[in-house]
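Please look through the structure below before reading on.

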Amino acid sequence: MFGQNLEVQLSSAKTENTTVVWKSFHDSITLIVLSSEEGISELRLERLLQMVFGAMVLLVGLEELTNIRNVERLKKDLRASYCLIDSFLGDSELIGDLTQCVDCVIPPEGSLLQEALSGFAEATGTAFVSLVVSGRVVAATEGWWRLGTPEAVLLPWLVGSLPPQTARDYPVYLPHGSPTVPHRLLTLTLLPSLELCLLCGPSPPLSQLYPQLLERCWQPLLDPLRACLPLGPRALPSGFPLHTDILGLLLLHLELKRCLFTVEPLGDKEPSPEQRRRLLRNFYTLVTSTHFPPEPGPLEKTEDEVYQAQLPRACYLVLGTEEPGKGVRLVALQLGVRRLLLLLSPQSPSHGLRSLATHTLHALTPLL
């Protein structure tokens with residue numbers, strides 16, 4: 001506030017063991033985040049604040065946040081967003097809060113589920129339908145994929161953070177698409193942790209969908225739906241060929257704003273899943289803020305051809321020691337609209353990291 005009075009913009013500060021980042025939204029709400037996590041990046045904290053404000057708009061609406069008539073009432077209304085905000089602050093298995101891409105999984109029988117989803121959307125008269133397992137999108141209609149940021153990330157995350165319920169009729173605002181007029185988010189549980197989500201207006205009523213229409217459309221697909229349940233933490237179908245050195249991966253499609261994230265591709269090894277997630281998250285913030293352009297896409301035409309040639313396509317990091325069998329390896333590779341980050345076991349030799357990443361990216365490309 002002192003800086004603002006002097007027309008100086010100050011967005012972050014550091015003490016000996018704490019990083020403080022704050023951001024003002026619409027000249028109305030200021031959010032402040034403090035973190036004592038060692039080596040935390042400002043990029044990560046800035047994106048956290050954007051997600052927190054997005055969650056507030058999602059559940060309260062922008063009008064209530066920018067035109068505050070009663071502070072006490074607003075504080076009471078914002079309690080609805082606490083559960084979602086808490087899930088950003090915890091050790092989540094998702095990464096969309098950081099990458100701003102939708103967490104996805106690849107089902108074994110994707111085309112069958114996609115066909116059923118399109119038929120169900122047609123029968124219910126809504127263009128926005130998705131199938132979500134543990135907060136990750138299994139399949140979605142074209143309308144759902146066209147949702148803007150941040151609601152495309154927030155809606156599945158919200159569904160994954162709520163206590164289990166057979167069916168819900170939940171009012172939501174879309175921070176990008178409809179921040180002042182609420183929509184209805186309908187959720188129908190098909191199997192434990194596997195939910196059908198619809199975004200719609202006043203119709204259809206929930207009673208029209210549950211249980212008759214739901215059973216008619218989805219009962220014949222019970223086996224393909226069951227095959228989706230283990231995909232939560234694994235993201236990839238069982239038997240997908242991955243190198244045995246891979247301990248975790250993050251694949252981003254920067255144009256479609258979708259990502260695959262798993263730290264359990266091939267069963268149990270050290271380090272723990274929590275440590276792997278932390279390593280990949282920290283590596284993502286490092287390569288995004290340091291090495292790769294923040295919003296990769298078609299390069300702008302420029303007279304400086306040398307600059308274009310100098311944009312990095314790959315980088316790697318060895319934690320611990322270079323000796324085989326010690327420490328872990330992290331490698332990032334960018335080809336066109338895709339970026340792949342791998343966490344590899346100590347057995348993986350440093351000189352083979354790029355070719356392993358290239359081979360893995362080519363294998364994953366048909367999926368995302």
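Where does glutamate 7 lie? Glutamate 7 is in the loop between α1 (2-5) and β1 (12-14). Helices (H or I, at least four residues) and strands (E, at least two) are DSSP runs, numbered from the N terminus. The phi angle of glutamate 7 is near 60°, a positive value in a residue other than glycine. With a relative accessible area of 77%, glutamate 7 is exposed. Buried here means under 20% relative accessible area, exposed means over 50%, and partly exposed is in between (1.4 Å probe, protein chains only).

The model is predicted: local features need pLDDT of at least 70 and side-chain atom pairs count only at pLDDT 80 or more, while totals for chains, interfaces and linings use all residues. Residues are numbered from 1 along each chain as its sequence is written, and side-chain values use heavy atoms, with hydrogens and water left out.

Now the chain as a whole. The protein chain contains 15 helices and 14 strands. Its C-alpha trace spans about 60 × 60 × 45 Å along the principal axes. For 368 residues, a compact globule would have a radius of gyration near 21 Å, and the 22 Å of the protein chain agrees with that. The radius is taken over C-alpha atoms, and the globule rule is 2.2 Å times the number of residues to the power 0.38. Of the 368 residues, 49% count as buried. Among contacts in the protein chain with a separation of 6 or more, 58% come from residues 24 or more positions apart; contact means heavy atoms within 4.5 Å. The accessible surface is about 18,500 Å², and 53% of this area belongs to carbon and sulfur atoms. Such areas come from the Shrake-Rupley method with a 1.4 Å probe; for residues, only the protein chains shown count as cover.

Next, the charges. The protein chain carries 30 positive and 38 negative side chains, and the centres of the two sets lie 2 Å apart. Lys and Arg count as positive and Asp and Glu as negative, whereas His and the chain ends are not counted. The place of a charge is NZ of Lys, CZ of Arg, CG of Asp or CD of Glu.

How many salt bridges does the structure hold? There are twelve, a salt bridge being a side-chain nitrogen of Lys or Arg within 4 Å of a carboxyl oxygen of Asp or Glu. One of them pairs aspartate 91 with arginine 277, with the closest N and O atoms 3.8 Å apart. Aspartate 91 lies in the loop between α5 (82-89) and α6 (96-99) and arginine 277 in helix α13 (residues 273-291), so this pair ties together parts that are 186 residues apart in sequence. Aspartate 91 is partly exposed at 46% relative accessible area, whereas arginine 277 is buried at 6%. Asp91 and Arg277 also belong, with Glu274, to a network of salt bridges.

The loop between α5 and α6 also holds glutamate 93. Glutamate 93 forms a salt bridge with arginine 136, the closest N and O atoms being 3.4 Å apart. Arginine 136 is in strand β6 (residues 136-140), so the pair ties together parts that are 43 residues apart in sequence. Glutamate 93 has a relative accessible area of 36% and is partly exposed; arginine 136, at 3%, is buried.

Arginine 226 is partly exposed at 46%, while aspartate 223 is exposed at 57%.

The peptide bond from threonine 149 to proline 150 is cis, with omega near 10°, and proline 150 sits in the loop between α8 (142-145) and α9 (151-161). Another cis peptide bond runs from serine 203 to proline 204, with omega near 5°; proline 204 is in the loop between β9 (194-200) and α10 (206-218). Aspartate 27 has a positive phi, near 50°, in a residue other than glycine. Aspartate 27 belongs to the loop between β2 (19-25) and β3 (29-35) and is exposed, with a relative accessible area of 79%.
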